[in-house]
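Q: Could you take a close look at the aromatic ring pairs here? I'd like one connected walk through them.

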Amino acid sequence: MNRSTHAAHHRAVRAASAAALIAGAFVAPRLNAQPAAVGPSAVPANPYTSVSRWTPPPLPAGKKPITQDTYDEWRTISGSSLSNDGKWAAYTLSPVVGEGELVVRATAAATEYRAPRGFTGRPQLQPAADSAAQFSAQPAQFSADGKFVAFTIYASRSDVERARTRRGTPAPRNGLGIMNLTDGTVTRVAGVRSYRLARNGGRFLAYLLEDTTSAPRNGAGSPPGAPVAPRRENGVTLVLRDLAAGTDQRIDGVTAFAFDDDEKWLGYTVTTRDGAGNGAFVRALASGTVTPLLTGQATYRGMTFDRKGTQVALLSDVGDSTPKPKMAVYHASLVPAKGKPVAARKIVAATEAPAGLLIAERGALSFTREGNGVIFSLGNVPMDSIPADSLVDKAGYDLWHWKDTQIQPQQKVSANRDRNRTYTALYTIASGKWTQLANDSLRVTVSDDGRRVLGINAVEYAIPQFWGEGASDVYLIDPATGARTLIAKGLDGNAQLSPGGNYVTWFERGQWVSYAIATGKKSVLTDKLPVKFQDEEFDSPDVPPPYGLGGWSTGDKRVLMYDRFDVWEVDPAGVVAPRNLTDGEGRRAGLTFRVVDLDREDPFLDTTQPLLLRAVDSLTKATGFWRDRMGVDGKPEKIVMADRNLNGLQKARNAEQYLLTQSTYREFPDLYTGASVAATVKISNANPQDAEYPRGTVELVSWLNGDGIPLRGLLHKPENFDPSKQYPMIVYFYEKLTDGLHNYVAPSGRNTVNPLVYNSLGYIVFQPDIIYTDGQPGPSAAKSIIPGVQALIAKGFVDPKRVGITGQSWGGYQSAYLITVTNMFAAAVPNATVVNMTSAYGGIRWQSGLARAFQYEHTQSRIGGSLWQYPERFVENSPLFKLDRVTTPVLFMANDNDGAVPWYQGIEFYVAMRRLQKEAYMVVYNGDEHNPTKRANQKDIDKKMIEFFAVKLQGADAPSWMVRGIPFLEKGRDQVKMSNPNGGK
C-alpha cells in the first residue's frame, strides 16, 4: 500500500470508527446484564468451557506440526565477524538445545569450513535472574592477517550431562581450536583456560593451559610455627604458538598474559609455588629476547600495554612481606633512554593511598588513549569479617533509616558491588604525579589525553530518586589537583564529555546545551530550530528524553544530533548555525535516520568519507541504508531500502566488504555479504527445516482508539487462512510491537505468545499498539485494544465467542484490567500482573532493591503522582477492586522469586477470585523469576497456556490440572514416572 492509498485508508477507517463510536460500539456490555456476544452460559454443558468444540484446520499439505520438541531444532547465529581483509566471515551456529559448530565461509566464493564447538545450546536448568547463568558461546577470532581462526571448543553434551548427574565427576574442561584457512584443517588443544591474538599481528597465538595438578598452594603444608606466607595464585603453562610454522614455546607458572596491539611484545607474569622465577616479563616477539620488568616472590596483576606498544603498566605487592600485602603501581618504558635498561619502576606506592583506601588489586588498570597517563583504581580497605558464631545469641535485624540514600533491600542487592567498589585515579607521566579523581559520591570520565575529567554527582538527589525525581550535578575536575568546578546543577539527564575533551554536552529543558571547557562558555544549541529533539511520542508522566547524539567530527568541530526523523550537524561552540544534515528528508518521507559508525575504535567520525545512515520507514517499517556527507549540502542518497529488517551491519577493517543480516517474519536473519551494502549475497542457511513447518503471515492493521486517534497493530494469520471462515483469536500486547513487523519469529514457548506456534494451532494472533493518557493506564489500554478487537470481529473472520487475551508483566496488568470492563474475552492469561496498585506502590522490586514508587509516579505505570496525591487513580486503575464484575476465566503465573512484580500481587488476585468464586488458576514456579528462566518452567507455562486456551476457545477437553488441581502431597508426580508397590509403572 503506497502512502496516498494508506492515507485514504486511514481517513476511511477514521470515519467508520468515529461513526461506530458515536453509535456506542466501544461501550463494553455491562457485566450485570446478559452478555451480548461472549461469556459463560447460564448452564454450560462443560464446567470448564462455554464454547462448542472447534477443530483447527488441517495442516497444509506436506507440513509437520509444531510441538515443544520442535522448538529445540531451531538454530541461532551468534558471534558473526569478518576477517580484516574481508575474505572470510565466521559465525557460530547453535541449536536451542544441542551441539553447535563454527562456520567459516569465504565471502567471494563457495568455500566453507565447519568445526564442532561442543555443547553450545545449553538450556538453563536452575532458575536464576543473573544473566551469567545464561550460557553464550564466545565468538571466534580471526588472526589479523586473516589466515587462521581461533575458537573455544566446549565439552560435549554427554560430558556436561555426565558431570551434572554423576556425583564426583569433575566438570569437563574447554579446549582450543585453531583453524587454518588454507585448507580448513583444525588443530585441537585440550584443557585451555584462555587464549589471545594480537590486534594487528597474525604470526602468534598465546594460550594458557588449565592446571592439571592438585598440589597445595604456596604456604600450605608448612611446618608448625613457620611464618604464614601471603596466599598467592600460582601460575600454569603458557603456550606461545607460531601459527605459520606450527611450533610452540612453553612458559611455566604464568598467571596472566597480553600482547601489545602490533604484536611486538608478549607480556606475562609468573608466580610459582616455590617462588623461583617469579616476576613480570616482556618478550620481544621478533627476537625472542625476554626482559624482566620486575622480579621477586609476589602477586602480579593487570599487565597492560599502551596503544603504541611503547610502555607497560602493572600492579604488584613485591617486597611486601606482611600478612596482607598491598599493591603498588609500576610503569616501564619499552624504549628507554640510551644506556638505561628496560625495567619497571614504582610510580604509586601502596603507602600513598589515602586513609581507608588501597590500590585495588583487581581494579581497572589502563593507559589513557594517548598514552600520557596511567588510569588505576583505588578500593576500600576490607572490613574485618564478623565471626559467624559471635552473633548466635545476638539480635539479627536491619535498620531502615529515613535518611538512607538507599533503602535496605537496595543496599543488600548492591552489597557485593559496594564492598568491591573502586575509585578512578590518574597518574600523569609527564609530571610524575597522581590524583584521586572519583570517590563514593562521584563517578568520572577521563578524556583520551588525560587532561580533562568530567565528574557526575547524584548523591544529593538520591532520596528524591526514590520516587523518580533524581538529578545530578556536573563538575569539571582538574586532573593535576583534583579541584572541582561546578558547571551544571540539578541536571535531569546525563552529561557527556566530547571525545576530544573540548566540550561537555547535556540535554536540559528540551534543548541541547554545550559547555566549552577552555572558555567556560555555555551555549544553548537547538533553541532556534523548528523541531523537537526530545521524544515526540513520549506518553509517560515524566520529562521526555532526547533522541540522542550521533557522534562527533574530528577535533570536536561538529556534533550530530537527532530529532525524531533527521540528523542535524551542530557547531558545539554555538557560532555557526546548525544545518539539517539530512535536509529534512526524514520528516518529509517519514524516515528515521540514524548514524551507523562502522569504526568504533576511532572516537571521531571521518568528515572526508561519506556518512552511513540507517533508515526506518515509520509507516511500512521498511529499513535500509543511506549515505550523506558532513559539511556538504544536499539530500541523503539512498543505497538500499527494502520491506525487511536490514540490521547488524559490519565492515571489514581493511577492505570494502560488508556483513549484515536480513530478515522478515518468514525469513530467518541469515548473513549476507558483499563489497557494497547495496549488493549482498546470502552466505548462511541456519534453519532449512523452516520450510517443513507451517508459517502464516503478518500484516499491519489500522483502527481508531476510543479518542479517535489512529492506531496500528500486527495481525498474524495462519497459513492457508480462509477469510470466509471464523477463527479463534488470541490478543497479546506490550505497549507497541509494530516495529517488529519484519522480525523473524522462530517457534518457542514460555510465558508469552509466540504467534507462529499459535497460528499453527489454528488461532489468529492480534498484537495491538497502545497509547496512554497520564493517570489512566487501564482506560488507555481499554480504549486502544477493545476497538481494535471490534474492528477485526467486524471483518467477519474472527469468532466473537472465541477471543482470548494475554500479556506478561505490564501486559498482564492490562489484561487483568480489561476483563473488569468488558466480557468480550472468553479466556485471559494475565501473567506476573499487578492487580492492586495501592499495595504494589509500596512494594519493592526485589531484583534491584528499588521501591516501586518511581514506577507509578513517573514511568510505566503512568499514574503521575503519589498515592496521597491521586488516591482515586490508584483505586480506579486497580483490577482488584472490580474483580466482582469478571466473567472471564483466568490462568495466571506469579512466581515466588519475581524480582519485578511482588508475587503477593498474584496472591491478592487469587484470593479475591477464590472469594468471589470466579474460575481462576494460579501457577507459581518455585524460586523462579519475573520471566521464568529455568527451561522446564518455560516449557511448562507454555504448555499450560496452550491447554487453557484450547479448552476455553476451542472447546477441548480440560487437562487434569484444570479438573482437580495438583494437591501439595502430589506435587511433582505429574512430571515423573513413579514405580508402584506392586511392581510395574
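**A close look at the rings**

A: Let's start with Phe 949, which counts as buried because its relative accessibility is 0% (buried means under 20% relative accessible area, exposed over 50%, partly exposed in between, with a 1.4 Å probe and protein chains only). Before going on: this is a predicted model, where local features need pLDDT of at least 70 and side-chain atom pairs count only at pLDDT 80 or more, while totals for chains, interfaces and linings use all residues. Residues are numbered from 1 along each chain as its sequence is written, and side-chain values use heavy atoms, leaving out hydrogens and water.

Searching the whole structure turns up 28 aromatic pairs (rings of Phe, Tyr and Trp, the last by its six-membered ring, with centres within 6.5 Å; planes under 30 degrees apart are stacked, over 60 edge-to-face, the rest tilted).

Now back to Phe 949. Its edge-to-face pair with Tyr 758 has 6.3 Å centre to centre and 80 degrees between the planes. Tyr 758 is in helix α8 and Phe 949 in helix α15 (residues 935-954), 191 residues apart. Tyr 758 is buried too, with a relative accessible area of 1%. Ring pairs also join Tyr 758 and Phe 949 into a cluster with Tyr 763, Tyr 921, Phe 948 and Trp 961.

Notes:
Helices (H or I, at least four residues) and strands (E, at least two) are DSSP runs, numbered from the N terminus.
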